[in-house]
Every structure is written in C-alpha cells, then in structure tokens.
Amino acid sequence: MITIKEGYPEIIDAYGKAGGNEEALTSKEVASLVVHENRVLSANQVEGISLKSEQKEKGVAVELTVEEGKKIKYPVHLCFGILPKEGLQEIDLKVNVQDYAEVSIVAHCIFPNAVNIIHKMDADIKIGNNAKFYYNETHYHGDFGGIKVIPKAKIEVGEKSEYQNTFSLIEGRVGKLDINYEVTCAARSVVEIVAKVYGKEDDVIKIFDRVNLNGEGARSLVKTRVVPTDRSWSEVIGETYANAAYARGHMDCMEVVIGEQAIARAIPLLVATNDKAKVTHEAAIGSIDKKQMQTLMARGLDEDEAIDVIVKGILR
C-alpha cells in the first residue's frame, strides 16, 4: 500500500526534472520509497520485498530485504532529497538480497537548490549465493555547488552472485564528492562498479574503490569516467586485491582535464597474493578532442556548449 505525506508533490516534481520516472513512484506494482530531509513522504512494498524505514533526527534508516528465490519484476525506485538551500540528510541503508534472489534498484538523489547541504549515506549490503543485485544511482545538485556528498558502502557478494553499481553525477554542480566503497567477493562472483562524474568551477571529486577478490574464480571490473573542468579537482584511487586462484580483476580509469587550472589524479594499487590470480589496470588522463570541438563550433555551438556536448557524450 502506498502512503503519501505532505510535501510529496514538490519533491516529485524535482524528481521528474532530474530524469526520474514519476509514474513508478505511484504504481502499486513497483516498490518505492521517497525521503525528503528526515521524513518518509511515500512508501510502497510488493511481494517478495520487505521495505522498512525509520525516521531519525537527521535522516532515515532504511532496511530492504529481498526474499530467498524471489525475482523482482520491476526495479525498486528510491528518491532521496532536500529542497531547501540548507540541510543535513543521513541515510543508513541496509540491503539483504537472499540466496537465488534478483533485484534492480534505481535511486535518485536530488538537491536542486543546494547552498549549504550535507548528504551522507552509509550502506551495508549483503548479497547471498546465486543472487543478483543491480544498483543505479543518479544525482542532481543544481548550479550552486554548495553541497557535500559522502557515500560509503560495505558490500559482501556471495558465491556465483552478481553485483553492479553505477554512480552518475553529470547534471549540475558536484560540490564536494567523497565516495568510499569496499567490496568483498566470494567464489565465482562477478562485480562491476562504474562512476561517471562531471566537475565544474571549484568542485572537488574524490573516489575510492577497494575490491577484495577472496573467492576462487571471482571477477571484478572497476570503471571510472571523470571530467574536471575550470578549477575543479579530482582524485581516483582504486585498489584490487586478488587473493584466490583464478581471480581476475581489472581497473579502467579515464579522466579528461579541461582548463588550465583543472587537476586530475589517478592512483591504482593492484595486489595478487595467489600465483594463479591476475589483476590489470588501464588509465588515461588527457584533454578534449580538438577536432570534435571544431566540428561542433562550425555547426553553431559556442566553446562552452561544445565542451558540454563532448563531455556528456564521454560520460554517457
């Protein structure tokens, strides 16, 4: 059953403008949760999913459980946001995807007027054996840059399971972003982590991913696409530890620097503790393609518009 509280229309309007599917949040067939500041504005459960939430002083605690063997037909939709210019939101997220279960989550984090906002997420994710969990998170922060986003996650992936995580922050200012994910992989599990971030003005972007391939035959791909422009600064640190026979890990990092004052750093750490394991890394830090710039400007775009088109093409 869907419950709706005061303030719902305003945040749903912002959700739609940020690219969210508004109809999904009102469908009884789709599990969903809408949180504004520390208030749950709407919630809906479907068969196979337990979705619990508890209001805290500065945020919300959320527990999402997918029952054993259940394959959830439609993606679960989550919306977290703050509409005023100032605020603090702390999300404590616990996810338990039980054995043989499958679920996708589409999450939108919306802060269109952020001038002095802190958004923290602390996630504890457990994926059982032979299970699949896909998490796609999109952020929209507005044009002021007055926001700090601090997502931290500990993820345990069971045997023969799949975990995919995509983080996108392409529209609006980043502000200050500090991602910290650690994933531990059991035998024959598959993990893919992707981050796509577009920095402008004096944005600060920090991304740290650590993958522990502890089970035989575990595999991972960590891919980052980061574009710092103007005076923005980015640092991508990736660590992969291959600790079991036939474990395979790859890190793919590309940063495109635009502007004389923008800075990009990429720091990989690859460790293999088993002689049958293999970890690889591919990194590139470069500048924008001048031919593409010239082509777009010849078609009527100014320099800033041409850069924006090229960057969004890279990130998408």
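Is Arg173 buried or exposed? Arg173 counts as buried, because its relative accessibility is 5%; buried means under 20% relative accessible area, exposed over 50%, and partly exposed in between (1.4 Å probe, protein chains only). The model is predicted: local features need pLDDT of at least 70, side-chain atom pairs count only at pLDDT 80 or more, and totals for chains, interfaces and linings use all residues. Residues are numbered from 1 along each chain as its sequence is written, and side-chain values use heavy atoms, with hydrogens and water left out.

Arg173 forms a salt bridge with Glu201 (3.2 Å, N to O), a salt bridge being a side-chain nitrogen of Lys or Arg within 4 Å of a carboxyl oxygen of Asp or Glu. In total, the count comes to ten salt bridges. Another of them joins Lys154 to Glu182, with the closest N and O atoms 2.7 Å apart.

The largest nonpolar core has 67 residues; such a core is a set of buried Ala, Val, Leu, Ile, Met, Phe, Trp, Tyr and Cys residues joined through side-chain atoms within 4.5 Å. Among the residues with the most contacts inside this core are Ile49 and Phe133. Phe133 touches, among others, Val95, Ile127 and Tyr163, not counting residues up to four places away in sequence; contact means heavy atoms within 4.5 Å. A second, separate core of 13 residues includes Ile170 and Ile288.
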